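Please read it alongside the sequence and coordinates.

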Amino acid sequence: MNLRVFFCLFFVVVFARSQEENREHSYTLDANAFYGSIMLHNADISHLIRNHPSGVILGYNRKTFGLEEWQQYYNYPDLGASFIYQNSHNETLGDAYGLYAHFNFYFFKRNLQFRIGQGLAYATNPYDRETNFRNNAYGSKFLSSTFMMFNFHKEYLYKNLGLKLGLSVIHYSNANVKAPNTSTNTIAFNAGLVYSLDGEEMEYISQEKEKITEPVRYNLVLRGGVNESDNIGHGQYGFFIFSGYADKRLGRRSAIQLGTDVFFSNFLKELIEFQSVSFPENNIDADTDYKRVGVFLGHELFINKLSIGTQLGYYVYYPFDFEGKVYNRLSLKRYFGDKLFGAVSLKSHGAAAEAVEFGIGVRL
């Protein structure tokens with residue numbers, strides 16, 4: 001599809017939808033052009049950094065005005081969707097198209113906007129052993145992608161038009177679902193316009209906030225997925241993780257966690273066997289246990305029925321050395337009622353991703 005046609009359809013669809021929604025909400029569209037650089041976070045991608053990427057970021061935003069209490073706690077954020085097209089100006093790396101769900105948070109009398117989005121991207125020219133072996137950044141066509149924008153944001157400068165100006169960071173990675181996966185991070189300057197679909201902004205509601213107190217709660221989580229070692233061509237293997245932890249709410253927005261993980265990562269079985277045969281000088285026994293056990297300390301940030309979790313862990317059972325004993329996890333959770341939740345997590349060792357984990361859990 002021609003890119004300009006896609007942009008037109010994007011705006012027509014969201015504009016039409018906005019007219020049908022309840023008038024208790026207000027909507028904006030924004031469009032930003034960006035120009036920047038791919039950061040050298042890993043020396044292995046230095047050959048791919050030859051030109052400055054450019055592109056566009058399109059956004060559709062639904063404002064909140066405090067009709068729900070959680071909105072007041074976060075200074076009336078926006079919920080929305082974004083589309084990003086990035087032209088790398090590099091034939092080897094190719095271009096990327098991404099769709100995201102995002103939040104906009106506001107600071108300094110709503111003049112500073114922080115947008116964070118998570119979604120999926122399509123890479124036009126990923127690694128191929130025969131035709132594109134130099135692209136070690138993207139091992140697959142479909143990538144996980146996260147982006148952030150830090151913008152001066154001013155609406156209604158001229159009628160319904162406003163201005164956005166700031167910096168963006170765009171991350172592409174397949175989280176070791178398939179090797180290679182050195183990934184890219186683009187930092188860019190962006191500038192654009194914001195258009196309000198409603199004539200006047202509604203008033204913000206401010207009410208006395210209720211305190212939340214809870215006893216210690218106990219959580220059980222089962223996570224799973226597929227991943228591959230960094231050795232290209234070794235194949236994808238399934239994994240699963242059992243987790244148990246206790247959490248304590250510190251208020252409406254936060255909880256702290258303490259727990260343990262038990263990892264069954266089948267790609268390590270293959271990696272142990274490979275290294276025992278190919279590198280006998282390392283004295284690795286082919287029968288080395290591939291399982292790991294970790295303990296972690298975490299934090300959970302509650303945003304309505306969603307939450308963002310961060311955990312820092314340490315392996316207490318670690319028979320095979322893989323990427324070090326410290327690990328970290330970033331999770332997005334969605335609660336279904338008071339007890340059940342689903343989660344998507346990125347588990348890493350520092351900046352080196354190991355896997356994307358899909359999980360289900362219960363909070364008792």
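The text below takes up the paired strands and then the backbone exceptions.

The model is predicted, with local features requiring pLDDT of at least 70 and side-chain atom pairs counted only at pLDDT 80 or more, while totals for chains, interfaces and linings use all residues. Residues are numbered from 1 along each chain as its sequence is written, and side-chain values use heavy atoms, leaving out hydrogens and water.

**Strand pairing**

Strands are DSSP runs of E with at least two residues, numbered from the N terminus, and two of them pair if DSSP finds at least two bridges between them. Strand S11 (residues 254–265) runs antiparallel to strand S12 (residues 292–303), and 10 bridges join them. Within this pair, glutamine 257 is opposite glycine 298 of S12. S12 is also antiparallel to strand S13 (residues 306–317), with 11 bridges; here glutamate 300 has glycine 309 in S13 as its bridge partner. The hairpin of S12 and S13 has 2 residues between the strands, and asparagine 304 in this hairpin has a positive phi near 60 degrees.

**Backbone exceptions**

Most residues other than glycine have a negative phi, and most peptide bonds are trans.

Tyrosine 156 lies in strand S6 (residues 142–158) and is partly exposed at 25% relative accessibility. Asparagine 176 belongs to the loop between S7 and S8 and is buried at 6% relative accessibility. Buried means under 20% relative accessible area, exposed over 50%, and partly exposed in between (1.4 Å probe, protein chains only).

Proline 180 is in the loop between strand S7 (161–173) and strand S8 (184–196). The peptide bond from alanine 179 to proline 180 is cis, with omega near 0 degrees.

Technical notes:
Helices (H or I, at least four residues) and strands (E, at least two) are DSSP runs, numbered from the N terminus.
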